[in-house]
Amino acid sequence: PGFGFDLLSIALIPAVCEEVFFRSLIFSELKNTYSLWLAFFISALFFSLAHFVPAYWPLYFLLGLGAAWIYETSGLFAAIMAHFIFNATGLIFWQWH
């Protein structure tokens, strides 16, 4: 259907769903239970395991850490936008490779 559909289905919808799940639910609960730094680490670990592609695991772990930090400092919308930009950048490189 085109690049717009790909952008919506591959970049935006996953960013929204994953940030709501991993940051609003998982990270927030971990933060209430453990130290902030442990919550960052565990939530990033869960995020990377959910996207487990061995070659890209470190990248997903870093995205999980960064998104949790953005969520903590700037809120859910900012984390969604950062995640969307990450996904959209990957999509652009993949489609125009």
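## Phe41, Phe61 and the basis of the model

At 43% relative accessibility, Phe41 counts as partly exposed, whereas Phe61, at 12%, counts as buried. Buried denotes under 20% relative accessible area, exposed over 50%, and partly exposed the range in between, for a 1.4 Å probe and protein chains only. The structure is a predicted model, in which local features need pLDDT of at least 70 and side-chain atom pairs count only at pLDDT 80 or more, while totals for chains, interfaces and linings use all residues. Residues are numbered from 1 along each chain as its sequence is written, and side-chain values use heavy atoms, with hydrogens and water left out.

## Aromatic pairs

Seven aromatic pairs are counted under the rule that rings of Phe, Tyr and Trp (its six-membered ring) pair if their centres lie within 6.5 Å; planes under 30 degrees apart are stacked, over 60 edge-to-face, and the rest tilted. Phe21 and Phe22 form an edge-to-face pair, at 4.9 Å centre to centre and with 85° between the planes. Phe21 is partly exposed, with a relative accessible area of 41%, and Phe22 is buried at 8% relative accessibility.

Phe41 and Phe61 also form an edge-to-face pair, at 5.5 Å centre to centre and with 70° between the planes. This pair links distant parts of the chain, 20 residues apart, with Phe41 in helix α2 and Phe61 in helix α3. Helices are DSSP runs (H or I, at least four residues), as strands are (E, at least two), and they are numbered from the N terminus.

## Packing of helix α1

Helix α1 (residues 3-33) packs with helix α2 (residues 36-50) at an angle of about 145°, the axes being 9 Å apart. Axes are lines fitted to C-alpha atoms, for helices over the stretch in contact, and angles run from 0 to 180 degrees between N-to-C directions. The crossing of α1 with α2 is right-handed; a crossing is right-handed if the near helix is turned clockwise from the far one by less than a right angle, and left-handed if anticlockwise. Contact (heavy atoms within 4.5 Å) involves residues including Phe22, Phe27 and Leu30 of α1 and Leu36, Phe40 and Phe47 of α2. By class, this contact of α1 with α2 has 11 nonpolar, one polar and three charged residues. The nonpolar class holds Ala, Val, Leu, Ile, Met, Phe, Trp, Tyr, Cys and Pro, the charged class Asp, Glu, Lys and Arg, and the polar class the others, Gly among them.

Helix α1 also packs with helix α4 (residues 76-95) at an angle of about 145°, with the axes 8 Å apart, and the crossing of α1 and α4 is right-handed. The contact of α1 with α4 has 16 nonpolar, four polar and three charged residues.

## Nonpolar core and Tyr71

The largest nonpolar core has eight residues: Phe27, Leu30, Ala39, Phe40, Ile42, Ala68, Tyr71 and Ala79. Such a core is a set of buried Ala, Val, Leu, Ile, Met, Phe, Trp, Tyr and Cys residues joined through side-chain atoms within 4.5 Å. Helices α1, α2 and α3 (57-74) each give two or more residues to this core, and α2 gives the most, with three. Leaving aside residues up to four places away in sequence, Leu30 touches Ala39, Ile42 and Ser43.

Tyr71 lies in helix α3 and is buried at 17% relative accessibility. Beyond its neighbours within four places in sequence, Tyr71 is in contact with Arg23, Ser24, Phe27, Ser28, Leu76 and Ala79. The C-alpha atoms of Tyr71 and Ser24 are separated by 8.4 Å, although these residues are 47 apart along the chain.
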